[in-house]
Amino acid sequence: MSAVGETLNVIHPLVSKYLRKERMPHMACPGCGIGQVVHATLLAIDELGLTTQDTVWVQGVGCSSRITYSTWLGDNVDAHHGRIFAVATGLKMARPDLNFILFTGDGDCGAIGGNHFIHACRRNLDVTAILFNNGIYGMTGGQVAPTSPIGAVTTTTPYGNIEDPFDMCQLAVAAGASYVARWKSTDFKPLINSIKKGIQTKGLAFIEVLVQCPTNFGRYVLKTNQPQEVLKWIKEHVVTLKEVKNLRPEERQGKYLIGEFIHRTDRSGIVERYQELLKKYKKD
Amino acid sequence: MSSAVKPGKYFVQGDEAIAEGAIAAGCRFFAGYPITPCSETSEALARRLPEVGGICLQMEDELASIHAICAASVGGLKAMTISSGPGISLKLEGLGWGIKNEIPIVVVDVQRAGPSNGVATRVGQGDFYSIRYGSAGGNYGLIALSPKSTQEAFDLTIECFNLAEIFRCPVFLLADETVGHTREPLVIPEGSSLKVIQRIKPTVPPDQFIMYPLDTPQVIYYPFPNIGEGYGICVSPYTHTSKGYASTSQEIQEKMAKRLVLKIIENLDKLVRVERQYMEDAEFAVVAYGGNARPAMAAVDMAREKGMKVGFFRPIIVWPFPDREISKVAEKVKAILVCELNIDGQLSREVARASQGKAGVFHLGSGGVEPHFPAQIFNEIRRLYKS
């Protein structure tokens with residue numbers, strides 16, 4: 001049996017291959033779901049054969065971003081809070097040959113950056129965006145988010161949240177993203193496949209993952225510090241797109257739909273359209 | 001590069017000259033949001049950039065446009081955005097990201113009468129301090145150039161791009177509605193005769209390259225590797241180590257703040273650009289900048305015709321402020337009249353500070369809408385000259 005210290009020195013092969021060892025361990029709280037999603041992302045990257053030379057990680061601000069920032073062995077670009085899609089637009093237009101994987105949060109993407117998100121979907125910018133939805137502002141200590149469930153008690157809704165939560169996937173579909181899906185952090189295989197599909201899809205791929213936040217969502221909303229309790233709550237509050245058809249409207253209330261919402265291949269995006277424009281109007 | 005430049009003599013607005021200056025400087029990415037009085041620049045670039053293989057986007061707002069240009073510059077393209085008044089307020093949010101990560105970009109402010117929406121179509125000069133100090137958090141130096149004519153709008157835009165590369169920082173072109181909308185002759189020389197600084201690239205392999213030179217804060221002409229070049233760069237909103245990793249250490253914060261300030265103030269000799277007229281024997285000086293320098297200069301000419309020993313001084317690089325040059329003016333003259341299009345006295349305050357009490361400093365302000373008229377300034381000169 002090895003000592004605890006030795007166990008910690010074992011480096012996962014995906015970490016050696018893709019991440020900065022000096023940035024490990026990352027700063028996620030114990031029981032946080034973000035690590036699971038990063039793991040799935042690395043497996044998707046690995047299975048597709050992407051490299052640290054051709055792929056850039058882009059972040060915003062919040063747990064999603066602070067935990068993943070400057071861990072990628074290639075280039076890391078971390079935007080101001082909410083500006084991730086604006087930054088990604090500049091990056092992708094300047095370097096259409098590179099793959100961009102975005103890590104954003106429900107506050108970053110759904111609140112302060114909502115408008116940029118809508119317009120990135122409308123432009124169908126060819127990037128893969130992974131939204132970590134923990135239903136709360138984690139990094140700042142448990143304030144209500146636009147994704148917090150109705151009734152949720154948080155540090156800024158001591159009497160319970162009176163606002164309905166935002167469905168970011170429906171928003172992405174309506175705004176024109178090519179690929180939109182939602183999973184739980186424990187839907188490991190579907191999540192890996194979904195990220196792969198997202199990377200391969202031309203246009204904006206938006207993958208929302210419901211991640212457990214025992215530190216803040218657990219503490220304030222569910223009154224628990226146990227990750228498994230938060231996971232149990234998530235499990236009880238999701239239905240698949242297939243299952244939902246058999247539910248009565250009142251049974252759908254407060255449920256997160258899980259699955260692929262859209263996968264369209266017929267809508268080109270701003271990157272290709274700009275290339276076409278240049279072919280037509282560029283003078284030698 | 002040179003084929004992108006269209007040499008010749010034109011009769012255009014300052015806003016259009018800015019667009020051509022940007023193209024001549026190698027700008028290949030522009031993101032903007034419509035706003036008066038500078039939509040003409042966006043419109044000109046929307047036509048011209050695709051012709052030279054560049055990208056021109058109209059973003060959803062000012063925040064998106066400044067962040068997009070910063071990112072495009074990180075991606076390797078020289079980039080610019082433009083705005084005025086309320087749009088500049090929004091740009092200042094993204095400006096901090098550009099400053100902190102030492103991203104070369106050019107931001108153009110065509111000032112209009114404010115505050116808030118003010119008078120969208122008419123001139124003002126109220127952003128002198130807000131562009132310098134408006135990005136929250138402090139701890140940075142800033143470079144801003146101010147043109148007085150269509151020709152200077154072209155020339156100084158190129159200079160802004162060069163300084164952005166040399167100093168690895170955002171550089172402002174602080175224009176105003178008078179300059180933006182004045183239609184007058186513009187001479188565009190052959191591209192080959194223009195001095196254009198290209199992005200400076202590292203000469204050492206990635207493992208030896210220091211992205212942020214915190215231990216040599218004064219260094220300029222420092223390379224900026226872009227994404228996709230194998231350097232594994234880290235760009236973020238956080239206080240960073242020399243590698244770009246987020247840090248909460250006081251020592252690192254101190255070093256980073258010093259880097260952002262010292263790279264400017266330790267190289268002040270490269271950042272002095274002023275115009276002087278009749279200063280040799282002057283006993284009284286008039287100071288103005290941007291479009292308002294024109295009526296000020298006309299008033300000085302009127303005073304000279306009347307035999308008054310009045311000189312004219314104009315900062316062209318307005319930030320960093322030319323303290324030493326103003327101090328020299330103050331040593332020479334009895335009084336200085338500062339003419340600017342704001343009531344609160346922004347340039348006047350800087351002139352008073354730099355004069356260190358060696359001369360009396362007087363403020364001739366206006367809320368904007370109309371520029372100063374030469375007669376207005378002349379009357380003030382005459383009144384103060386006598387006393």
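In which loop of chain B does Pro37(B) lie? Pick the loop between E2 and H2 of chain B, and you have Pro37(B). Keep in mind that this is a predicted model. Go to the loop between strand E14 (317–319) and helix H10 (323–332) of chain B, where Pro320(B) sits. The bond from Trp319(B) to Pro320(B) is also cis, with omega near -5°. For context, most peptide bonds are trans, and most residues other than glycine have a negative phi.

That second point sets up the next stop. Select Ser116(B), in the loop between strand E5 (105–113) and E6 of chain B. Its phi is positive, near 55°, and it is not a glycine. Is Ser116(B) buried or exposed? Ser116(B) counts as exposed, because it has 7 C-beta neighbours inside 10 Å. Then jump to Tyr221(B), between strand E9 (183–188) and E10 of chain B, again in a loop. Here too phi is positive, near 55°, in a residue other than glycine. Tyr221(B) has 11 other C-beta atoms within 10 Å, so it is exposed.

For a contrast, select helix H1, residues 14–24 of chain B. Eleven of its eleven residues are buried, including Asp15(B), Glu16(B) and Glu20(B). After H1(B) comes Gly26(B), with a positive phi near 100°.

Next, show both chains. The contact between them takes 36 residues from chain B and 32 from chain A. On the chain B side, the elements giving two or more residues are strand E2 (27–32), helix H2 (39–51), helix H3 (62–74), helix H4 (85–100) and strand E10 (234–235). Which of them gives the most? That's H3(B), with nine residues. Colour this side of chain B by residue class and you get 22 nonpolar, ten polar and four charged. While you're here, zoom in on E10(B): two bridges join it to strand E2 (residues 76–78) of chain A, and the two run parallel. To see one of the pairs, select Val77(A) and its bridge partner Val235(B).

Now colour chain B by domain: domain 1 is 2–193 and domain 2 is 276–386. Their C-alpha centres lie 27 Å apart. The contact between them takes 23 residues from domain 1 of chain B and 20 from domain 2 of chain B. On the domain 1 side, look among others at strand E6 (119–123), helix H5 (128–133) and strand E8 (170–176) of chain B, which each give two or more residues. That side divides into 13 nonpolar, six polar and four charged residues.

Last stop: a sheet in chain B. Five strands form an open, mixed sheet in the order E11-E13-E12-E15-E16. Strand E11 (274–277) and strand E16 (360–365) are at the edges with a single partner strand each, so one side of each has no neighbour in the sheet. Ignoring direction, neighbouring strands are turned by 20° against each other on average. Follow strand E15 (residues 335–340) to E16(B): six bridges join the two, which run parallel, and Glu340(B) has Gly365(B) as its bridge partner.

Definitions and conventions. Residues are numbered from 1 along each chain as its sequence is written. Chains are lettered from A and ligands numbered from 1 in the order in which they are written. This is a predicted model: local features need pLDDT of at least 70, side-chain atom pairs count only at pLDDT 80 or more; totals for chains, interfaces and linings use all residues. Two residues are in contact if their C-beta atoms, placed from the backbone, lie within 7 Å. Helices (H or I, at least four residues) and strands (E, at least two) are DSSP runs, numbered from the N terminus. Ala, Val, Leu, Ile, Met, Phe, Trp, Tyr, Cys and Pro count as nonpolar, Asp, Glu, Lys and Arg as charged, and the others, Gly among them, as polar. Two strands pair if DSSP finds at least two bridges between them. Axes are lines fitted to C-alpha atoms, for helices over the stretch in contact, and angles run from 0 to 180 degrees between N-to-C directions. A residue is buried if 20 or more other C-beta atoms lie within 10 Å of its own, exposed if 12 or fewer, and partly exposed in between; C-beta atoms are placed from the backbone. Domain bounds come from an automatic or database domain assignment.
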